[in-house]
There are 2 protein chains.
Amino acid sequence: MWFHTAQEVAGLLKAAELGQTVEKEEFEQTLPELRVELVNAQYDLQSAGFPVVILVSGDDQFAARTALRRMQEYMDGRYIGSNVFDRTSDEETRRPGYWRYWRQLPRKGRIGSYLNAWVSDLFRHKLDEDGGEKTLYRDLSHVKAFEQALVDDGTLLVKLWYHSPKAEFKKRIKRLEKKGQDWRVSPMDRLLLERYDEVVPLADEFLSETSTGQAPWYVIESTDERHSTLASARIIHSALRSRLDAPSPSPPPPVIGEIEANQTVLDTVDLSATLEKDEYRKRLNAAQASLREVSEEASEKGIACVLAFEGWDAAGKGGAIRRLTAAIDIRDFRVIPIAAPTEEEHAHHYLWRFWRHVPQNGKTVVFDRSWYGRVLVERVEGFAREDEWRRAYGEIRDFEEHLTEHGIVVLKFWLHIDAEEQLARFQAREQTAYKKYKITEEDYRNRDRWDAYVQAVNEMVRRTSTTDAPWHLVPANDKRHARVQVVETVAEALRARLGKG
Amino acid sequence: MWFHTAQEVAGLLKAAELGQTVEKEEFEQTLPELRVELVNAQYDLQSAGFPVVILVSGDDQFAARTALRRMQEYMDGRYIGSNVFDRTSDEETRRPGYWRYWRQLPRKGRIGSYLNAWVSDLFRHKLDEDGGEKTLYRDLSHVKAFEQALVDDGTLLVKLWYHSPKAEFKKRIKRLEKKGQDWRVSPMDRLLLERYDEVVPLADEFLSETSTGQAPWYVIESTDERHSTLASARIIHSALRSRLDAPSPSPPPPVIGEIEANQTVLDTVDLSATLEKDEYRKRLNAAQASLREVSEEASEKGIACVLAFEGWDAAGKGGAIRRLTAAIDIRDFRVIPIAAPTEEEHAHHYLWRFWRHVPQNGKTVVFDRSWYGRVLVERVEGFAREDEWRRAYGEIRDFEEHLTEHGIVVLKFWLHIDAEEQLARFQAREQTAYKKYKITEEDYRNRDRWDAYVQAVNEMVRRTSTTDAPWHLVPANDKRHARVQVVETVAEALRARLGKG
């Protein structure tokens, strides 16, 4: 159980109260060399190919802020970004909470420092009378999943917590007031002092709950500014240095694979469904009219949609997406075609580019191919290592949970055709001049791996279809049938969300 | 005079009412090849190194939307982005109006399509009873300056206006209603029909006022959807093709340079100013306390600040910036160090990366070096061509006007030292281990061009110091004096803005 009363707490913070100080002389002797080493580590980092996130927080916010300013001063400002998280902006409030952390993640070779960030979300929920334990559990699991995803992807995560005994805290404020520098004390500092006895035990719990082998919390006693500054610089430098100097990690041990199923979910899809042209026109128009109505209402109510389209090459994703978006106000949707990642996207976690496009409240984003590429093409073609695509199922579930918890309607479509139909379509495409550019050697090559893809689709659907973000397997040998089903499915999902049964 | 009564208008739109139609057969014969050519042009564009902006608008919004959807369908979606401008988001409202256009600009090799955008701003101001002629003039000059800046930078700007006679407009709505497709008609369409007699003469004026040789408006008669679709595709294709096939432009003719001044603005700076240590501490603390007070008030009132720091190498910009930001709440400011542009920045207009960092209301952004690099280092070192840096003065004034009109406090500092002091500081830096990384060969090389830089600074200050965004020349041979002056200047500017004299 992670939830303790104040008495039960191990006292990680108390244990850090050692009264450590650094004399001025020692400080001035030590610092210059440390600065050189920090900057050199930054330069080495640029070619090392991993990002660094320094998380700065503390019950002593004054010290946390000071440390952040110092690090900015000591390091080369061109390669370290600093992000202070406070009240959310409106573009942030209109998206899942973690959007703002993802959007600021540093690229490989760079350092991002985060003041407060997700730790503060935990506090906010805990100190908020309304937030029950359920929210807290969920939040804690997001913190852990997020940090794990970063670390698994190679991010060096350094977490610094600044702690000061209450009496010292008070003394500092008095000292500053005496020097006429009380403008340096923020209302937040005074509030923290006032609620010190509540905050510190809470912090103690959160720290032990979120301290892991790969991303431990470092508690820095912050009473003496010189000590606190040197300690921060040393921890950051040594974390950077030991990671930079470490031999490249050996490849993870092979994982025991899935037992191949004889029957896959795709076998259950009835590909014989068809629609006559007249019937098609009637049903499509009815579905579009219905979608228009509910999508306008959803938009007004701030309900967003994320629609992911996957399927075999030539299954008709583009055509289905066009019929769908034809019924949505052009101001309210955006189609994101997913191709190979750009240089910038490649320098980030693979989910970063999808977080970038998470819609704000009331908007719809249609992904033409999606994050599922990780467990489909990247798995089958070997672009991702086995340990990478295996952990992706969990990462994806966590990602979609962030969306659905924010109230976003998440639907995932697999457009299914059989191998015979695909071949016929490839051949027809070659006859149509403007479709020819869509056919590449790769398309034919992919056909050779049909069975491997079937296996991947099967596992993907089983592991990531959830009540809140279900997969829809759409028979698409008949395009008309597929298009109508897609439009109807989205309309129904929105209708249900709006409580219109 | 750009302002006409409806009667005086030349009737650009009326002239387009030719009743043009395209038969189904012709359409189906022509389209496939045109699609191939469009996609091929897109592929050629990728290596051609210029961006394309397609501006889509019209009194016939239904047709404009349809055209945008069609272009998305006909082209390769991975290389064309579509942006629909409607109500502003809060992050947008909190910044100068053009921020949202700049943030969505396509990179070189890509196409960005813009539905409505800045043309609509003109309408909004004109139809708005409160917006006087003054606002309108200003807006029109921003439109022209913006389009000119894009075109000068190499952007291909294609502007499409969809126009339909009123009677045809009405007929279409009836036709759709009859087919049960009235959901395709938006409230905006009905509003435009209602105010048709006001909107069309206005549009006529705006079109002739903003149609230029390099970025003309194409008026497309949109009554017949097949005609409108083919015409749009043909215009876009032919604009793309002729630009792609054009021989590289010959370098512009040499410009007659400035007559070298004997006396430069820098000669007027009194470098003898100094401050004793005690006096420094007292005045710095007083200035910081004062800045803290006014910056908190400014932040609450939503007043933003843009502070640009330029100066000789080793003039002490970093130190001055730290004393300044020490007095600002860490949540309210951000320092942006400007180094060589990243790959992404390089693929955009040089002002793009500064627009990216324009603060939202209530925030302060400090640029450690800035857009003035264009007329300083880029000019002197030959990174920009003469025609490029010469037109930059006007582009920069327009940029800063966008900021000040939005209410942002804009201050620019030149930290001035003499050549002797600089040499002494370079030598001292070499003695200080942690400052050594700041010294490069380039620094010494730049010293050889001292006089060329003096000339550039002189011209920069004369051409870009305005009442609303003034330059401050700070004597910095004495660091203490410089730091205090910087903090005091910012505090005073904010105090003045807050009406505290």
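Biologist: How many of the 5 residues of strand β3 (residues 111-115) of chain A are buried?

Modeller: The model is predicted, so local features require pLDDT of at least 70, side-chain atom pairs count only at pLDDT 80 or more, and totals for chains, interfaces and linings use all residues. Residues are numbered from 1 along each chain as its sequence is written, while chains are lettered from A and ligands numbered from 1 in the order in which they are written. A residue is buried if 20 or more other C-beta atoms, placed from the backbone, lie within 10 Å of its own, exposed if 12 or fewer, and partly exposed in between; strands (E, at least two residues) and helices (H or I, at least four) are DSSP runs numbered from the N terminus. Strand β3 of chain A is mostly covered, and the number of its buried residues is 4.

Biologist: Is A:Asn116 buried or exposed?

Modeller: A:Asn116 lies in the loop between β3 and α6 (118-127) of chain A. Its phi is positive, about 75°, although A:Asn116 is not a glycine. Because A:Asn116 has 21 C-beta neighbours inside 10 Å, it counts as buried.

Biologist: Which residues does A:Arg379 touch, not counting residues up to four places away in sequence?

Modeller: A:Arg379 belongs to helix α16 (residues 377-380) of chain A and is buried, with 24 other C-beta atoms within 10 Å. Its C-alpha atom is separated by 43 Å from that of A:Arg35, 344 residues apart along the chain. Two residues are in contact if their C-beta atoms, placed from the backbone, lie within 7 Å. Under that exclusion, A:Arg379 touches A:Ala384, A:Trp389 and A:Ala456.

Biologist: Which element of chain A gives the largest share of the side of domain 1 that touches domain 2?

Modeller: By an automatic or database domain assignment, chain A is divided into domain 1 (31-245) and domain 2 (266-497). The contact takes 17 residues from domain 1 of chain A and 17 residues from domain 2 of chain A. On the domain 1 side, α5 (99-103) and α7 (133-152) of chain A are the elements that give two or more residues. The largest share, 5 residues, comes from α7(A).

Biologist: Which strands of chain B are the edge strands of its open sheet?

Modeller: The sheet has 5 strands in the order β2-β3-β1-β4-β5 (chain B), with parallel pairing. Within it, 5 bridges join β4 (residues 156-163) of chain B to β5(B), and B:Leu160 stands opposite B:Tyr218 in β5(B). Each edge strand pairs on one side only, and these strands are β2 (80-84) and β5 (217-221) of chain B.

Biologist: By what turn can chain B be laid on chain A?

Modeller: Copies are superposed by least squares on the C-alpha atoms of residues with pLDDT of at least 70 in both. The RMSD is 0.0 Å and the shift along the axis is 0.0 Å, with a turn of 180°. That is the relation of a two-fold axis.

Biologist: Which element gives the most to the side of chain B that touches chain A?

Modeller: The contact takes 37 residues from chain B and 37 residues from chain A. Of the interface residues of chain B, 100% are also interface residues in chain A, so the copies meet through the same surface. Elements giving two or more residues to the chain B side include α2 (24-48), α3 (61-74) and α12 (277-300) of chain B. The most, 5 residues, is given by α2(B).

Terms used:
Pairing = 2+ DSSP bridges.
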